[in-house]
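Dear colleague,

Please find below the structure that I am handing over to you, together with its sequence.

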Amino acid sequence: RPSSFLPPLSLFTSYFIMAIGKNKRLTKSKKGGKKKAVDPFLKKEWYKLIAPSIFAEKNCGKTIITKTQGTKIASEYLKGRVIELSLADLNNNEAMSYRKVKLCIEDVQGFNCLLNFHGMDMTRDKLCSLIKKKQSIIEANVDCRTTDGYIVRMFCIAFTKKQDDQLKETCYAKSGKAKQIRAKMVNTMSTLAGKGDLK
């Protein structure tokens, strides 16, 4: 090709200088470099969960916590942790699988965590199977003190039911009757809780 088609040499030089100017950071070495990926489970340890004496099964599982390091003591971080378990596993009774029991870690002895009762609930599918159309739902709750000094909040749910010879489709309760039933529920719960203990 004729020399007239070639760009001047100064143009090449300017491109070359610009490229070096842009990539100045690439030439410098980064401080520290990349950290090695450490398996987080190497810093953890397992603690055994010991259920209260009211349940048939004592060893109900294990929980994990970061090892004691400096001022961060593992046992202190474990206290107050709430574990949710099925009553079927705790009592070896599959009929109670719809009940969920919450247990709280109260004390740590070596690698054993001593649990205490924290609460009980029903599974969602069981609760949904009880609720139907064409009937009334009456709910009540009460705070009661047990014989060993604990204050527990109890919840109760009741449903109206058809009579044996009833022809009517629905079985709704009037507000006055619902109030009477609710008062009876509260009274029964208070009586039962006052007689029993939590442990």
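Among contacts in the protein chain (heavy atoms within 4.5 Å) between residues at least 6 apart in sequence, 48% join residues at least 24 apart. Please note that this is a predicted model, in which local features need pLDDT of at least 70 and side-chain atom pairs count only at pLDDT 80 or more, while totals for chains, interfaces and linings use all residues. Residues are numbered from 1 along each chain as its sequence is written, and side-chain values use heavy atoms, with hydrogens and water left out.

**Overall make-up**

Along the sequence they follow the pattern α-α-β-β-α-β-α-β-β-α-β-β-α. Of the 199 residues in the protein chain, 23% are buried, where buried means under 20% relative accessible area, exposed over 50%, and partly exposed in between (1.4 Å probe, protein chains only). The accessible surface comes to about 15900 Å², and 55% of that belongs to carbon and sulfur atoms; such areas come from the Shrake-Rupley method with a 1.4 Å probe, and for residues only the protein chains shown count as cover.

Five strands form an open sheet with mixed pairing, in the order 2-1-5-4-3. Strand 2 (59–66) and strand 3 (82–86) are at the edges, each with a single partner strand, so one side of each has no neighbour in the sheet. Two strands count as paired if DSSP finds at least two bridges between them.

Strand 5 (residues 112–122) runs parallel to strand 1 (residues 44–50), to which three bridges join it. Here Ile-50 stands opposite Leu-114. With strand 4 (residues 99–109), strand 5 pairs in the antiparallel sense over 10 bridges. Leu-103 has Phe-117 as its bridge partner in strand 5, and Cys-104 stands opposite Asn-116. Two residues lie between the strands in the hairpin of strand 4 and strand 5, where Gly-110 takes a positive phi near 65 degrees.

**Cysteines**

The whole structure has zero disulfides, a disulfide being a pair of cysteine sulfur atoms within 2.5 Å. The cysteine sulfur closest to that of Cys-113 is in Cys-60, at 9.6 Å, which is too far for a bond. Cys-113 is buried, with a relative accessible area of 0%, whereas Cys-128 is partly exposed at 42%.

Yours sincerely

Methods:
Helix = DSSP H or I, 4+ residues; strand = E, 2+ residues; numbered from the N terminus.
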